[in-house]
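These are notes for a colleague who is opening this entry for the first time. They are set out as numbered points, beginning with the ligand site.

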Amino acid sequence: MTCPECGTENPETARFCNGCAAPLTPVETAPAQRKVVTVLFCDVTGSTSLGEQLDPEALRHVMAGYFATARAAIERHGGTVEKFIGDAVMAVFGIPVVHEDDALRAVRAAIELRDAVEIDVRIGVNTGEVVTGGADTLVTGDAVNVAARLEQGAATGEVLIGSHTYALVRDAVDADLLPPLEVKGKSSALTAYRVRSLSGAHGRRNATPMVGRAHELESLDRAFERAVRDSTCHLFTILGNAGVGKSRLVDEFLAHVAGATVLRGRCLSYGEGITYWSLVEILKQLSSLPDDVAIRRPLAVLLGELDIPTTPAETAWAARKALEIAAVNEPMIVVFDDIQWGEPVFLDLIEHVADMSRGAPILLLCMARPELLEVRAGWGGGKLNATTVLLEGLDPDDTDALVELLLGEGDPMLAHRIREAAGGNPLFVEEMVELARESGGEVAVPPTIHALLAARLDSLPAAERAVLGRAAVEGQVFHRGAVAALGPDELQVDSRLGSLVRKELVRPDAPSLPREDAYRFRHLLIRDAAYDALPKETRVDLHERFAAWLDEYGADLVELDEIVGYHLEQASAYAAELGTPDPARSTRAAERLAAAATRAEDRGDSGAASNLLRRALDLSEVAAGRRPELLLRYGRVLVHAGPLDVAEDVLREAADIGDGVTAALARALLENVRALRGEASNAEVLPALQAAVDELEHLGDRGALAEALTLLALVQFWSGQLAEQRGTAERALTYAREAGNPTVELAAIRELGTAMIWSDTPWPEIERVCQERLSEVERLGSRVVAAALDPLSRAAAARGDFDEGRRLLAEATRINEELGIAMAATTLLMEAGYMEIHAGDLVAAERHLRAGWEGLARLNEEGIRSTVGALLAEVVARQGRLEEAEQIVGEAEQLGADDDFVTIAQALLARGLIASKRGDHDRGAELARRALAIVDDSEYLPLHVEFRIGLAEVLVDAGRRDDAERLLREAIVLAEAKEDLVLARRGRTVLEHATASPTTPD
Ligand SMILES: Nc1ncnc2c1ncn2[C@@H]1O[C@H](COP(=O)(O)OP(=O)(O)O)[C@@H](O)[C@H]1O
Ligand SMILES: [Mg+2]
């Protein structure tokens, strides 16, 4: 006997269903019944030729696989396989149990089936009235014939649906109307739609007609028209309180707009640290990603398909490019809901697209509660291509109209009270009318929407309320499987959900997990009300169960760790409040949050990483053994993202309570922070770093050793110990590769680059090494290109090929800007300054250096800025503007650290030049000589050459030709050792000038 509740076949003698334990009332034969069902036909195309190609045994194997796959797909979506007719499969959705969304289930099953089977099929789906039961258990009726005809009319790989089916699923699928199908045996032609794909939209039309909002709709239309006409991007933001009608306005707009691809994403109300959820949703809706690897790579990282380091700016750039490319074919509307919950990096991304997008019609349509302005006061401000509207409550006339539409000829007193309490909020009106209808008599009107929703849920049967509570734990969109897993005692999940759908509390929606059905709370406030009604003890249990369920079924989710971590974190927090902490669970929560932080770090999303790590650390009962490592990681993120004083405290604690590798690495980072903050000199920091390195070497952890070595290399560079730095960086590189840590590998590559540029390594060797690096872009991302281009540009300039040097440098700058590494981009201006000094164009050199001098000030940077200032002073002095040069050099000296010898020497040389040009040759020579002595103490070979030439020039002016000649000959020898043709040539030019000039007798 078939169970009427769940459809399980039971032995005829059974009194309770084996599947769901519902009581089985024996009936002689089920009476014949008329029902609306959806019928699916699927047939194999080209089966004859398949038979010719394949060995009969192989063919049998293939066909068996096809039948099994088809059956699985159909049953997963709640359908029943009626019969196999030759190679064709006929299935029915709606027997023995009718679902609210049988039509959509059938279409989903059809698409899944088509994509899953190994052979070519064509499918027809149709909805209509049939007769079932009676003596004949098969369904019969015209609807069945139509489904078969649609299947026969489909081409290979197509899913055709009839007009009734289309009417039921039109909001959930993208489908094209076909020319009428002429069918034999039927008087009129058939209307058929070809399904392109499932869209993410709701599975159902809004029941209530729309009132008002004509003005807002018009301005949306105008914004879209402008975007299309001018092929530009427009940012349209709708602000408004919950329930006021933002989503409805957007639905209404989208329902009548024609000729646009619509992508939808929403920000999650929980789990800060989930940065890209909505972008991932959007990307999955694009039919394909661009072929260009530069675009594809960061997006693949986002989709969890690739594991290389990227940065938020690179991600934003790639997302923009992908949208622009997709919008070339058809205008694009990208809808983001609830962006008040978006992470800063995500909001930056939207603004980046709005600011930078060119040549493609894109409407960015954002919805947010007014809180958005608290986190982003200037949202959309100052942009010509941005519109923000504040959606107010409905005006009294529109509210009246809505109340009347919903309440009909009801009680005028009630209508009056609803209108008064609703304050123009249509959600309030709808829910109040529904509450009144359900209670069927005298009913109090609650004062707020929250109280109203609580009352509405209270009036539900307990079992339905429980289902809603379980669903609310997952969120606004939830999966059937989760609801079932969270309440294993509830045996009628589907009928409860069906009833909640009928009551308009939830709606079928597109699932984000494979082989699942999903629903969406009609409004997030309903979800919140259902969640708020749960006792804390229940929340602990449900969050923990949900985490377990998601771990089992959500393996495909990119942000699995974030979400599972969040639910375990919630369970831990409520348990702590109840005084029943569970350290094992808290530790698991911390581990998942920390795992999520790792991915955030790889994306260069320090904000999210630091948020996730801080939350992991806040779980107070986390096993003490895990704490030091979490502290170390949090501290490391803070070194990059700031604030540095917090980083220092966190790292100190890690060093204190940790041991072994963790403590040693924490100490190394701590020393680095102390140097950065100017709390310790290079000379003090070096031995401490060396000690940490020794210990890590002893402990044998290659990844940690590599990282500590990069920190040591940097301080060695600051100290002018370039041979040491190079050795350190080379070791760091080897270990980082062995440990498979690309971030540290990149840091090592950069250290190696600076070591080679400034030491006696000949330029051709540098070029060779850097050319090799370029081939590693696949593995290391574009940062490695930027790191290699910088030395390559200098090498080209050293050959005298300034055009090539400028080109490479511009390319490196562009990449750094795209990667959002403002510091690096600005620092490269110093390189550009050097380039023009060598090319002999002082005006251009001054322009670059001045831009760097000002740019670094904006970034609050001092270490590099002081050096740039001193160099700028020299360039200004050489152009004869002595007063101005003197003033700049003074500022640079102020900024420079006490042990920043490059700045000190460069400032002395600038002062020497100034003195000499003012006629005080002796003082000039004295200052320049002191400058040279300082750089000679370091291993900065190009400075040995340049400062010799600088001093020689002063000496020539002082008439001390012999001293000058000696210095210049040394400079030429050094420049030739470095194979720096330009510096050698400059040395010779000055030498010729020196030998030609008269000597003043002493
Ligand atoms: N102008 C309107 N006319 C009729 N019903 C509306 C209107 N605006 C909103 N609604 C209904 O009110 C409810 C809440 O609206 P919704 O758009 O979800 O609010 P928001 O997105 O601002 O939170 C929905 O059920 C919606 O259909
Ligand atoms: Mg909404």
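Notes on the predicted model

1. An oxygen atom of ligand 1 sits 2.5 Å from an N or O atom in the side chain of histidine 523. That is a polar contact, meaning a pair of N or O atoms within 3.5 Å; within protein, one must be able to donate a hydrogen and the other to accept it, and residues adjacent in sequence count only if both atoms are side-chain atoms. For serine 247, a side-chain N or O atom is 2.8 Å from an oxygen atom of ligand 1. Lysine 246 takes part through its backbone, with an N or O atom 2.7 Å from an oxygen atom of ligand 1. Ligand 1 taken alone exposes 550 Å², and 95% of that is buried by the protein. Accessible areas here come from the Shrake-Rupley method with a 1.4 Å probe; for residues, only the protein chains shown count as cover.

2. The model is predicted: local features need pLDDT of at least 70 and side-chain atom pairs count only at pLDDT 80 or more, while totals for chains, interfaces and linings use all residues. Residues are numbered from 1 along each chain as its sequence is written, chains are lettered from A and ligands numbered from 1 in the order in which they are written, and side-chain values use heavy atoms, with hydrogens and water left out.

3. Which residues come nearest to ligand 1? Of the 19 around it, they are Gly243, Lys246, Arg248, Glu430 and His523. A residue is counted as near if one of its heavy atoms lies within 4 Å. The shell divides into nine nonpolar, five polar and five charged residues. In this scheme Ala, Val, Leu, Ile, Met, Phe, Trp, Tyr, Cys and Pro are nonpolar, Asp, Glu, Lys and Arg are charged, and the others, Gly among them, are polar. Helix H7 (246-256) and helix H15 (426-439) each supply at least two residues of this shell.

4. On the overall fold, the protein has 44 helices and 15 strands. These are DSSP runs numbered from the N terminus, helices being H or I of at least four residues and strands E of at least two. The C-alpha trace spans about 130 × 70 × 60 Å along its principal axes. Of the 1002 residues, 54% are buried, where buried means under 20% relative accessible area, exposed over 50%, and partly exposed in between (1.4 Å probe, protein chains only). The accessible surface comes to about 42200 Å², and carbon and sulfur atoms account for 50% of it. Among contacts between residues at least 6 apart in sequence, 67% join residues at least 24 apart; a contact means heavy atoms within 4.5 Å.

5. How many disulfides are there? The count is zero, with a disulfide taken as a pair of cysteine sulfur atoms within 2.5 Å. The sulfur of cysteine 267 has its closest cysteine sulfur in cysteine 366, 8.5 Å away, so the two are too far apart for a bond. Cysteine 267 is buried at 8% relative accessible area, and cysteine 42 is buried at 0%.

6. Arginine 456 belongs to helix H16 (residues 449-458). Is arginine 456 buried or exposed? With 1% relative accessibility, arginine 456 counts as buried. Beyond its neighbours within four places in sequence, arginine 456 contacts Glu431, Glu434, Leu435, Glu438, Lys503 and Leu505.

7. Valine 445 lies in the loop between H15 and H16 and is partly exposed, at 21%. Leaving aside neighbours within four places in sequence, its contacts are Leu414, Arg417, Ala421, Phe428 and Met432.

8. Aspartate 338 is in the loop between strand S10 (332-337) and helix H11 (344-356), and is buried at 9% relative accessibility. Glutamate 979 is in the loop between helix H43 (961-977) and helix H44 (981-996), and is partly exposed at 41%.

9. Tyrosine 634 is part of helix H25 (residues 627-641) and is buried, with a relative accessible area of 11%. Apart from neighbours within four places in sequence, tyrosine 634 touches Ser610, Leu613, Arg614, Leu617 and Val650.
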